[in-house]
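This report describes one protein model for a reader who has the sequence and the 3D view at hand. Please keep both open while reading.

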Amino acid sequence: MNADPTAAQVLQFRDLIAQRLGLQFDDTRLAQLARVLNLHAGGNSAAYLSMLGSASNSAEALHRLAADLTVTETYFYRNAEQIDAFVDLAMPSCWQAHLDGSPVRVLSAGCASGEEPYTLAIAVREAAGLGAHSLALRAVDANPAMLVKAARARYAAWSLRELPPEIQARWFVRDGEMQALKESVRRSVRFEQRNLAQDDEALWGAGRYDIVFCRNVLMYFTLEQVKAAVARIAASLVPGGYLFLGHAETLRGVSSDFHLCHSHATFYYQRRQLATAEEVAPAVPLTISTRALQGTPLDDFARWGEVIDRASQRIHALTATPLTAPPGEGKPAQPDLRHALMCLHKEQFEQTLTQINQLPPAYADDPDVLLLKAVSLSQSGALVLAQDVCQRLLARDELNAGAHYVKALCKEEEGACAEALECYRSAAYLDPGFALARLHIGLLERRMGDMAAARHDLAQALMLLQHEDPARLLLFGGGFPRSALIGLCQAELAAFGEEA
């Protein structure tokens, strides 16, 4: 009689999956893991878990697990804006750098059933000035069943739903109820079975690729595995090479090896030119930000002192590389921003700046100090100075959502709506839970006449505001309580109904 796995064995199974495959599963998915464990263990969970923990005997079992634990649904020309950026910008840039005429080396990591790499192969053939000779494509996945399907290259209409009919006619031929990709495109992609969560010199050699697509893969990984995988990708890219992630994946708080790029209505990354550690500071996430004080009621003004005190305490806990004092120098490990935050809450901006300027000189370039200074300057009307401080912060950390947001406020105040919208979108992309950034996006879209987008973004902002961190509202809310911001969202959305 087969025995169901125990709760302890399911937790051990989850840990092994994280260690060996890099996949993360929260407590809401323990029942699913129990079913998968029972299926693969054949009633002997203890023996199966022991085998999974063995580096020498578990490779095939891990491959079968990957097939059952990951979502493999994809389609041709998915996120077409990124394909446009790849063809119009990344490929020409890399192709021009290959003075010897060698092809641009592209990796499709987590290629599933092949739609992504084949899309890239087709897109290059369709582009003027490129062609099949300009591209060398390598595609890898941990799921052997998907790789078999990719090599077969026969697809149903659902996989081709975003493919323009004229492109489909050029590169596919009917095969019964399926569409078969032409042999010339199939031959241009080399498929391999690889585990992205493991060190693999054959896959991640230094400077091996010009462009890497790793879309909707990192979202399954634990944070530690994400950082390790991105470090491997960074090392494998040539300086100036390009990285395309899924639209909901960012490198904020993960890596400082990349510049954030925005074109073709999409975000992607470019590998920094090689620099010394002194020239490139580590990535620093948005500081007084998400997760800091979830559940603290913003509108309870009697508790603002507690909010400010806890915000000051948490600000460095949310920073990837907190400033620490060298031994013996006698300065505090982190700046005390409580008084400055209190003045900001009271809209005493001059006093806030005075408090900041009185901090020890060692903190002049501290990211928390710079962000608070930029906010205070922007709210006091010193827009040029505020933008200068934002640029100092972004020079240290391009992925600082708060700096992009304050810069957007300044641009909007100056009437540069298109630039402001781009900066707000950068902030919202880098921090998808940033309610105020989403609110401003919706308001600007409405002002610029994009009503469908405005309605969508305002609805998102309304949802996000319900749970927005009070410390972030203190910093970025312009003195407005949560209730007022929610009321603004509701009024704007109601106006759409009146206009219909």
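Aspartate 210 counts as buried because its relative accessibility is 4%, and buried means under 20%. The model in which this value was computed is a predicted one. The side chain of aspartate 210 meets that of arginine 105 in a salt bridge, with 3.1 Å from N to O. Arginine 105 counts as partly exposed, at 29% relative accessibility.

**Other salt bridges**

The whole structure holds 20 salt bridges according to the search. Three of them are listed here.

| Aspartate 210 | Arginine 105 | 3.1 Å |

Arginine 190 has a relative accessible area of 47% and is partly exposed.

Glutamate 398 lies in the loop between helix H15 (383-396) and helix H16 (401-413), while arginine 272 lies in the loop between strand E10 (266-271) and helix H11 (304-314), so the pair ties together parts that are 126 residues apart in sequence. Are these two residues buried or exposed? Both glutamate 398 and arginine 272 are buried.

Some salt bridges share partners, and in this way Arg138, Arg190, Glu192, Arg194 and Asp200 are joined into one network.

**The protein as a whole**

The protein has 21 helices and 10 strands. Of its 500 residues, 52% are buried. Among the contacts with a separation of 6 or more, 71% are between residues 24 or more positions apart. The accessible surface comes to about 22100 Å², and carbon and sulfur atoms account for 53% of that surface.

**Helix H2**

Helix H2 covers residues 30-41, which makes 12 residues. From its first C-alpha to its last, H2 reaches 16 Å, close to the 16 Å expected at 1.5 Å a residue. Which residues of H2 are buried? They are Leu33, Val36, Leu37 and Ala41. These residues cover an arc of only 120° around the axis, so they sit on the same side of H2. Arg35 and Leu39, in contrast, are exposed on the other side of H2. After H2 comes glycine 42, which has a positive phi, near 60°.

Strands of a sheet pair through backbone hydrogen bonds, and the pairing is either parallel or antiparallel. In this model, three strands form an open sheet in the order E3-E5-E4, with antiparallel pairing. Strand E3 (154-155) and strand E4 (172-175) are the edge strands, as each pairs on one side only. Strand E5 (residues 178-181) is joined to E4 by four bridges, and these two strands run antiparallel. Which residue in E5 stands opposite arginine 174? Glutamine 179 takes that place.

Methods. Residues numbered from 1 in each chain as written. Predicted model: local features only at pLDDT ≥ 70, side-chain atom pairs only at ≥ 80, totals over all residues. Heavy atoms only, no water. Buried < 20%, exposed > 50% of the residue type's maximum accessible area, 1.4 Å probe, protein only. Contact = heavy atoms within 4.5 Å. Areas by Shrake-Rupley, 256 points an atom, 1.4 Å probe, with all protein chains shown as cover. Expected span 1.5 Å × (residues − 1). Arc of directions from axis to C-beta. Salt bridge = Lys/Arg side-chain N within 4 Å of Asp/Glu carboxyl O. Pairing = 2+ DSSP bridges.
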